Amino acid sequence: MISLTVNGARRSFDGDPTMPLLWFLRDELALTGTKYGCGISQCGACTVHVDGQPARACQRRMSTLEGRTITTIEGLHPTGEHPAQVAWRELDVPQCGFCQSGQIMEAAALLRTKPKPTDGDIDTAMTGHLCRCGTYPRIRAAVKSAAEKLP
């Protein structure tokens, strides 16, 4: 039995310990905001926070998550008012939107460690997040806007 906390709620898992976290979130908890992209940890669509750090849910096995705290896009803010979420909406960042929850989770982690990121900080943090629509300039602008909204 694996016990973990997801978006503030205690959860248990007694299935295949090699199952990726992504399937636990999507199939067992119905938290579908975290997306399946490449399945090999290269696109970032499945990014969540594990103990506050960005992690690719498609490659994180359930066996590694005993006692860990997981935050998904649904748990980032109870009403979707995290500064990154607000900035994404205000700047109309998403085009197709598929990669955006992973992008926002990465941006939120960056802003927690670097509240006033430079362009280089943003580019480095967002490396590995692929957007097939090419919204990268709007993503960078949204991260900067979110930084200005931080308390």
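Let's start with one contact. The side chain of Gln100 makes a polar contact with the side chain of Trp88, at 2.5 Å. A polar contact here is a pair of N or O atoms within 3.5 Å; within protein, one must be able to donate a hydrogen and the other to accept it, and residues adjacent in sequence count only if both atoms are side-chain atoms.

Before going on, some ground rules. This is a predicted model, in which local features need pLDDT of at least 70, side-chain atom pairs count only at pLDDT 80 or more, and totals for chains, interfaces and linings use all residues. Residues are numbered from 1 along each chain as its sequence is written, and side-chain values use heavy atoms, with hydrogens and water left out.

Back to Gln100. Gln100 sits in helix H3, residues 100-113. Helices (H or I, at least four residues) and strands (E, at least two) are DSSP runs, numbered from the N terminus. Is Gln100 buried or exposed? Its relative accessibility is 4%, so Gln100 counts as buried. The cut-offs are these: buried means under 20% relative accessible area, exposed over 50%, and partly exposed in between, with a 1.4 Å probe and protein chains only.

Ser101 is also found in helix H3. Ser101 is buried, at 11% relative accessible area. Its side chain reaches the backbone oxygen of Gly33 at 2.7 Å.

Now the aromatic rings. A pair of aromatic rings is described by the distance of the centres and the angle of the planes. Rings of Phe, Tyr and Trp (its six-membered ring) pair if their centres lie within 6.5 Å; planes under 30 degrees apart count as stacked, over 60 as edge-to-face and the rest as tilted. How many aromatic pairs does the structure hold? Two.

Take Phe13 and Phe24. This pair is edge-to-face, with 5.4 Å centre to centre and 75° between the planes. Phe13 is in strand S2 (residues 9-13) and Phe24 in helix H1 (residues 21-28), so the pair links distant parts of the chain, eleven residues apart. Both Phe13 and Phe24 are buried.

The other pair is Trp23 with Tyr36. It is tilted: 5.2 Å centre to centre, 35° between the planes. Trp23 lies in helix H1, and Tyr36 in the loop between H1 and strand S3 (47-50), so the pair ties together parts that are 13 residues apart in sequence. Trp23 is partly exposed, at 29% relative accessible area. Tyr36 is partly exposed too, at 40% relative accessibility.

On to charges. A salt bridge is a side-chain nitrogen of Lys or Arg within 4 Å of a carboxyl oxygen of Asp or Glu. A search of the whole structure finds eight.

One of them joins Asp51 and Arg68, with the closest N and O atoms 3.5 Å apart. Asp51 lies in the loop between S3 and strand S4 (53-56), and Arg68 in the loop between S4 and strand S5 (69-71), so the pair ties together parts that are 17 residues apart in sequence. Asp51 is partly exposed, at 40% relative accessibility. Arg68 is partly exposed, at 29% relative accessible area.

Next, Lys114 and Asp121. Their side chains meet in a salt bridge at 3.2 Å, N to O. Lys114 is partly exposed, with a relative accessible area of 38%.

Then Arg140 and Asp119. These side chains meet in a salt bridge at 3.6 Å, N to O. Which parts does this pair tie together? Arg140 lies in helix H5 (residues 136-149) and Asp119 in helix H4 (residues 119-126), so it ties together parts that are 21 residues apart in sequence. Arg140 is partly exposed at 28% relative accessibility, and Asp119 is partly exposed at 31% relative accessible area. Both belong to a network of salt bridges that links Asp119, Asp123, Arg140 and Lys144.

A quick stop at Ala87, in helix H2 (residues 83-90). Ala87 is buried, with a relative accessible area of 0%. Its C-alpha atom is 9.2 Å from that of Ala147, 60 residues apart along the chain.

A pocket is an open set of points on a 1 Å grid over the protein atoms alone, where a 1.4 Å probe fits, with protein on both sides within 12 Å along at least five of seven lines. The largest pocket has a volume of about 210 Å³, counted as the space filled by probe spheres set on the points. Its lining includes Gly37, Cys38, Phe98 and Arg132; lining residues have an atom within 4 Å of a point. By class, the lining has eight nonpolar, one polar and one charged residues. Ala, Val, Leu, Ile, Met, Phe, Trp, Tyr, Cys and Pro count as nonpolar, Asp, Glu, Lys and Arg as charged, and the others, Gly among them, as polar.
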